[in-house]
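Here are my notes on this one, point by point. Have the structure open while you go through them.

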Amino acid sequence: MNITQILFWFLSVIAIFSALMVITSKNPVHSVLWLIVTFFAISGHYIVMNAQFLAIVNIIVYAGAIMVLFLHVFMLIDLRANTEPQQNRWIKIAGGIAGGSLMLVMIAALRNVDIKAQDAGINTNNIGLIKNLGRELFTTYVIPFELSSVLFLSAMVGAVVLGKKD
Amino acid sequence: MPINYYIFLAIALFSIGVVGVLTRRNAIIIFMCIELMLNSVNLLLVAFSKMHHLAAGATPTTGIDGQLFVFFIMVVAAAEVSVGLAIIVMMYRNIHSVDVNFLNRLKH
Amino acid sequence: MKNALQLAYLIPLFPLLGFLLNGLGRKYFSKSLIGTIGSGAILASFAVSLWVFFQVKSGNTHVAHYFNFISVGDLKIPFAFQIDQLSSLFLLIITGIGFLIHLYSTAYMHDEKPEHFGRYFAYLNLFVFSMLLLVMGANFVIMFIGWEGVGLCSYLLIGFWFRKEEYNKAASKAFIMNRIGDLAFLIALFWLINKTGTVTFLEVFSAESLSKLSDRDITVITALLFVGATGKSAQIPLYTWLPDAMAGPTPVSALIHAATMVTAGIYMIARSNVLYSMAPAVMTVIAIVGLATALLAATIALKQNDIKKVLAYSTVSQLGYMFLALGTGSYVAAVFHVMTHAFFKALMFLGSGSVIHAMGGEQDIRKMGGLSKYMKITNITFLVGCLAIAGIPGLSGFFSKDEILAGAFATSPVFYAIGLFTALLTAFYMFRLYATTFRGSFRGTHEQEHHLHESPAAMTIPLIVLAVLSIVGGYVGVPEFIAAGAHSLKDFLYPVFEPSYKILQEHHVSHETEWGLTIGSTIAILAVVIYAWTRFSKKPDLAEPQGLGKVLANKWYVDEIYDAVIVKPLNKLGALLNNIVETKVIDGIVNGVGRLVNYGGRQLRWVQSGQVGLYVLLMVLSMIVIFVLQFFFRK
């Protein structure tokens, strides 16, 4: 077991554990915090896979911006653990079974799937570096990139319009 | 690392997200679970991107599309979150709750 | 260099423009403007047709390809015009007579409101456009477009005075009868496409494509095309629409139901003469049907008292003649008769229009008489028409009819005998008509007599022109036995019918026999003419007919027979389907489906709780099912 494998298992356990905590925490704020932990774990995976740019962006955008946004919303609408609505028990069980069987079925379906390389190359190349991604982004993908700015603008307008008191 | 490990990890995270959506009533938590599902897909995409690069290996940019795809998913997710949270805030303002069980007007 | 005949598209373009202008602007234009546009468009295309004709005469024939109309798989149907001897001749007839009739209509229809006046000219131009398409099309499909177009215009114009219920019925009758023929035409087309993969005339008639057709194919195709022709050209059994079509304005009867549209079937058969020459059985059928139609219609015409009905049955009879000519292989004679018939029948219809105009709408010849005193030009021109159709030597009808009869004699003396008998009947009823109308004394009311007048110049000029044509039109086809090499029409059309001549063995009749036949028939016809003239001038046939005459006056009860044999059973069947199948079976199914859905919806309603969570749960379960399924069905 070398260091990358250790890192992989460690990060995977953290990710799954914190993800479970997200859906089981009574307090929504805790859910948010656990989700941030999950994102950090996923970012760790990115770093292990030498996708450094995405790792950083994931932390900045998801953990930094989006999750803070969630917290802000909680602050705005002032939810507490004791007012948190709970699904009735049967639906919870049904949901758990459904999700679990979805996982089982998908794993079963993909277990023996024939993929041309059985290995995700770790630390073997540098396509995930900012320089390479950036060059590709601003040459081949420059139009989608610019279009995404329009998307942001419209999302911003949409959020303002929705959030405005009428 | 074998690609299957990443696949199973992604499936596990995704299924946790699904279970979250199914079992919680708080709209914001459901929303967070959706983000979790998106992230599991992102993870898988990055893993595939690396795998693809390793398998082809010919040119330095093979497989880079996968990572750019993740980038764009993040872009869209960010936009989606801003609008989605605005909708939730508005919903709270109207029905003073973020409980999706109160949102059964689709029935009519 | 492009062939100059590529410009032939101008010929149908003018009437189309005229149709659009008059059709769209009929509420805003004055009557004189409408008349000018309508007639001018036809005059312009007549001018182009003349130019085209002389191009063709100097040996320049051309298939003008414009664009691909339909392109499906291997089947390519171009939008192309074929300009050759046959089509250029028909172009002249259509646009020439068409122009005269447009000119005539400006006066005849002058009492209509501008809106209807414009509608009338729009329809008339559309008709000419369709007819030109029919004649110029270089393949069966373009021809079929024109074929349908003229049927539509015929419907519209018969029902022009749509306030009268019976006129609408006559229009529907014409349309439906035509549809029956059109269906056969279409089936023939499909058969042709299936077997040869092309509909372009030149390709279909090429040796290569003919070799793909078995004898059976040719027989079926030609027979079906002939059924199509019986619809359009009013032959047994589909002729009954034509007499009823006289409900339309008289110039329309002249143009559509005498001079042009009804000759479409003849044109089509003449165009596909190669196919027909290879199907002798069908040729015989055509000859017999033509002859039977000619005889039947002529007998009916003997006892009709409506001036237009007489002319209508005479038209049917003459069309039968043309089919006789086609069936006996004398294609030139058929085309020749189309031409001369167009002249004198248009003339007589326009003359009858002039009479009706003067009589204030009265069409019953028993209430006329002695009109020669009041309408000199109409009288003389109408007489010319009667002489021409009767086949008096020197006039156009003589030459064409004589050629048809000679062809019939060459095939079978029985055909000749019946044909001659029909010709005698024709002479008889035409002069019965003429004498009753124009000779003797006036039998109408005093008021009508006071009102009698010669028609305006716009009506008489076409009459005069047509009368001149009826006289001289025959000299393009002087038979061999009178003057060798004087049949210029035959020489002109030779390239079109050349392949048929190679297939058909020519029956030769000696010149002496022809002289004998011609003189004999002429004497007989003259005798009949004089008898009819004298008898009906003195004592018109006013009484209600009895016995056989009554049967004839009632048109052999053909309409009644059709009614009893086809229409009534169909109505019964319709009622049966309506009352039992429709209400019980079909309604039952429909209502059952409705009830089932209603019930199912009520049962399924609980699923639609509006709870998004439940929806997501169902979605996830479905995903699981799909995954499991793909698990099982994976190879």
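1. Let's start with chain C and its burial. Chain C has 635 residues, and 51% of them count as buried. Bear in mind throughout that this is a predicted model.

2. How far can you trust chain C? Its mean pLDDT is 87, and 99% of its residues reach 70 or more. For the complex, the predictor reports an ipTM of 0.89 alongside a pTM of 0.68.

3. On secondary structure, chain C is made up of 26 helices and two strands. As for how the chain packs on itself, take the contacts in chain C between residues at least 6 apart in sequence: 81% of these join residues at least 24 apart.

4. Now the cores. The largest nonpolar core runs to 201 residues, and Val335(C) and Ala346(C) are the ones with the most contacts inside it. Which helix gives the most to this core? That would be helix H16 of chain C, residues 331-358, which puts in 18 residues. In domain terms, the core takes at least three residues from domain 1 (1-138) of chain C and at least three from domain 2 (177-548).

5. Next, where chain A meets chain B. How many residues does each chain bring to this contact? Chain A supplies 75 residues and chain B supplies 62. On the chain A side, the elements giving two or more residues are helices H1 (3-24), H2 (28-48), H3 (52-77), H4 (89-111), H5 (130-139) and H6 (142-163). H4(A) accounts for the largest share of that side, with twelve residues. By class, the side of chain A that touches chain B splits into 49 nonpolar, 21 polar and five charged residues.

6. Last, chain A against chain C. Here eleven residues of chain A are in contact with ten residues of chain C. What classes turn up on the side of chain A that touches chain C? Eight of the residues there are nonpolar and three are polar, with no charged residues.

Technical notes. Residues are numbered from 1 along each chain as its sequence is written. Chains are lettered from A and ligands numbered from 1 in the order in which they are written. This is a predicted model: local features need pLDDT of at least 70, side-chain atom pairs count only at pLDDT 80 or more; totals for chains, interfaces and linings use all residues. Two residues are in contact if their C-beta atoms, placed from the backbone, lie within 7 Å. Ala, Val, Leu, Ile, Met, Phe, Trp, Tyr, Cys and Pro count as nonpolar, Asp, Glu, Lys and Arg as charged, and the others, Gly among them, as polar. pLDDT is the predictor's confidence in each residue, from 0 to 100. Helices (H or I, at least four residues) and strands (E, at least two) are DSSP runs, numbered from the N terminus. A residue is buried if 20 or more other C-beta atoms lie within 10 Å of its own, exposed if 12 or fewer, and partly exposed in between; C-beta atoms are placed from the backbone. A nonpolar core is a set of buried Ala, Val, Leu, Ile, Met, Phe, Trp, Tyr and Cys residues joined through C-beta atoms within 7 Å. Domain bounds come from an automatic or database domain assignment.
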